[in-house]
Amino acid sequence: MAPIGAAVAADGARIVNKAAIESGAEFSGFIVKFRDGTAQRANAAMVARSLQGANAVMAKSSRGAAGLRHFRRMSLGADVIRASRALTSAEAVQAMQQLAAMPGVEYVEPDLIMHPALTPNDTRYNEQWGFFDADAGIRANTAWDVATGTGIIVAVLDTGQATHSDITGNLVAGYDFITSTTVSGDGNGRDSDPSDPGDFSGGQNSSWHGTHVAGTVAARTNNGAGVAGTAFNAKVMPVRVLGRGGGSTSDIADAIIWASGGTVSGVPSLSASQKAHVINMSLGGSGACGTTTQNAINGAVSRGTTVVVAAGNSNANASGFTPASCANVINVASVTSASARSSFSNYGTLIDVSAPGSSILSTLNAGTTTPGAESYASYSGTSMASPHVAGTVALVQSRRLALGLPLYTPAEVESLLKTTAYALAGACSGGCGAGIIDAKRAVDAAGGGGGGGGTPPTTQTYANEADFSIRDNTTINSPITVSGRTGAAPSNASVSVDIAHTYRGDLLVQLVAPDGSLYTISNRAGGSADNLIGTYTINLSSEQLNGTWNLRVNDNAAGDIGTLRRWTITF
């Protein structure tokens, strides 16, 4: 749905909130606030008289009179206006403009109908903590009222797909890219059947890994059975690259190219409408990213496909694993329901974001070697974290589609996920990237409910270079005003300070958010180094981006003198 009216439009003192109107919806009520001192504000009966002119104009509509009437006065002093019939979005905008033309109007906005956040009726949804946990979940349950993945295809490069009623309706045609008949286990090489015959090997039972991953991406939801999926109206393209003993780099590279719309010899090419918008690779091996894999990923990204990968499960730096160490991917670490890094999860500076990966319930198969009955089970691994992110990318891109906006590039998707992520409540030794993805904030920032105007947040640095004197037992505030940005501040901000402290002593330095929240940068007692110069990462919590940010410096020791020479904030 595309919004009618790009922003709140002002006409003198009257404001018409057209941004709240979306095409395709119907409206039957409006809220009108008259300025203090007007006759209408003093006497509600006068409002009915003022509506005569608006009704006269609306009567010329091709659908007939709107029948605007005064319904009641609110405790806030505004008046509720009702129409006698449902109005189209275009008629609603016209009605608001006519209401705003009445003398003394302060603002006009639609009396929107709110709905409860979707709580799926899937019988085991309450076990899927990764969707709704307050300090560790991706907050998909609040994003679903804005986007559900419609129109987006997610390719799952994995073991293939076992038949499962909780996924079947959300599948599109895939492909089996395994060339070795020994690895494939299905009696042949590459073909158009991506079914999973079982990957049992070396005494290990079949994992049905691809089926589990696919369920997390897009299991059918609110169908009264089983589990929910992150982007439950998206489509999953099963692409089989892993079999008995794993899968080869060459097969996986071909699959990346094909799923993203590239050409692979001997394999029918996908049309532009068939190619995947997102590729999920919950797979990996030891070693740095090779040229073959990197080139395949680069090709996919150049065709507009976002590539999401699992960081690996070796409790080691992700730089030693592939494709986790490849460029142009979204590299995902795993967190527990306690909002801490999972003990098995890889870590490091190459991690982009984190997502739930410990004890994740999803679709599976009960067969020990070959396919059996469909089932559900909990798995742990960064393989389980990655599809939460791939599904969230599908939510974001489906929101863009619904609004008639261009899809984000892979780089824009990565930036969006990072700047809308939130900090772990628990420990993350080694580094968990920008934090846990927040599906609701990401979808909002894509053009949904209040997160911004459809432009992904970009990193900017704001500086204040004036000298501010610091003296004994005093506090100074150095302001930086942020304006013109969309959405909320990211969970982490970089704050650099340059303070010359003439004498040793106590020094408390805090970042003050626009709403007054305090974040301590340094709190040292006397006897430490004189100057305080450095860059600090501050974990913010749902702060508004625009507004005045202050660096508060408090020197509470007698006889101390210093200067705040410069400070910057980057988000």
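This is a predicted model: local features need pLDDT of at least 70, side-chain atom pairs count only at pLDDT 80 or more; totals for chains, interfaces and linings use all residues.
Residues are numbered from 1 along each chain as its sequence is written, and side-chain values use heavy atoms, with hydrogens and water left out. Local features need pLDDT of at least 70 and side-chain atom pairs count only at pLDDT 80 or more, whereas totals for chains, interfaces and linings use all residues.

Helices (H or I, at least four residues) and strands (E, at least two) are DSSP runs, numbered from the N terminus. Two strands are taken to pair if DSSP finds at least two bridges between them. A residue is termed buried under 20% relative accessible area, exposed over 50% and partly exposed in between (1.4 Å probe, protein chains only).

Strand β12 (306-310) is largely enclosed by the rest of the structure, because five of its five residues are buried. Both of its faces are covered: Thr-306, Val-308 and Ala-310 are buried on one side, and Val-307 and Val-309 on the other. On pairing, β10 and β12 are joined in the parallel sense over four bridges, with Thr-306 of β12 as the bridge partner of Val-278. The pairing of β12 and β14 is also parallel, over three bridges, and Val-332 in β14 is the bridge partner of Ala-310.

Val-353 belongs to strand β15 (residues 353-356) and is buried, with a relative accessible area of 1%. The C-alpha atoms of Val-353 and Ala-333 are 6.5 Å apart in space, although the two residues are 20 apart in sequence. With contact defined as heavy atoms within 4.5 Å, and with residues up to four places away in sequence not counted, Val-353 touches residues including Ile-330, Asn-331, Val-332, Ala-333, Val-389, Leu-417 and Cys-432.

Leu-417 is also one of the buried residues of helix α11 (residues 410-419), among them Pro-410, Val-413, Glu-414, Leu-416 and Thr-419. The buried residues of α11 pack against α9 (291-302), β12, β14 (330-335), β15, α10 (382-402) and α12 (439-445). In helix α8 (residues 249-259), the buried residues are Asp-251, Ile-252, Ala-253, Ala-255, Ile-256, Trp-258 and Ala-259. These residues of α8 pack against β7 (153-158), β8 (175-176), β9 (235-240), β10 (278-281) and α9. Helix α8 is followed by Gly-261, whose phi is positive, near 100°.

A pair of aromatic rings is described by the distance of the centres and the angle of the planes. Rings of Phe, Tyr and Trp (its six-membered ring) are paired if their centres lie within 6.5 Å; planes under 30 degrees apart count as stacked, over 60 as edge-to-face and the rest as tilted. By this rule the count comes to seven aromatic pairs. Trp-144 and Phe-232 form an edge-to-face pair, at 5.5 Å centre to centre and with 65° between the planes. This pair links distant parts of the chain, 88 residues apart: Trp-144 is in the loop between α5 (140-143) and β7, and Phe-232 in the loop between α7 (209-218) and β9. Trp-144 counts as buried at 4% relative accessibility, as does Phe-232 at 9%. The pair of Phe-177 and Trp-258 is tilted, because the ring centres are 5.5 Å apart and the planes are at 55°. It too links distant parts of the chain, 81 residues apart, with Phe-177 in the loop between β8 and α6 (181-184) and Trp-258 in helix α8. Both Phe-177 and Trp-258 are buried. Ring pairs also link Tyr-125, Phe-131, Phe-132, Trp-144 and Phe-232 into a cluster.

Axes are lines fitted to C-alpha atoms, for helices over the stretch in contact, and angles run from 0 to 180 degrees between N-to-C directions. Helix α2 (residues 45-58) packs with helix α3 (residues 89-100) at an angle of about 145°, the axes being 9 Å apart. The contact is made by Leu-51, Ala-54, Val-57 and Met-58 of α2 and by Glu-91, Gln-94, Ala-95, Gln-98 and Leu-99 of α3.

An open sheet of four strands has the order β20-β25-β22-β23, with antiparallel pairing. Its edge strands, β20 (474-482) and β23 (518-524), each pair on one side only. Neighbouring strands of this sheet are turned by 15° against each other on average, direction ignored. Nine bridges join β20 to the antiparallel strand β25 (residues 547-555), where Gly-547 stands opposite Val-482.
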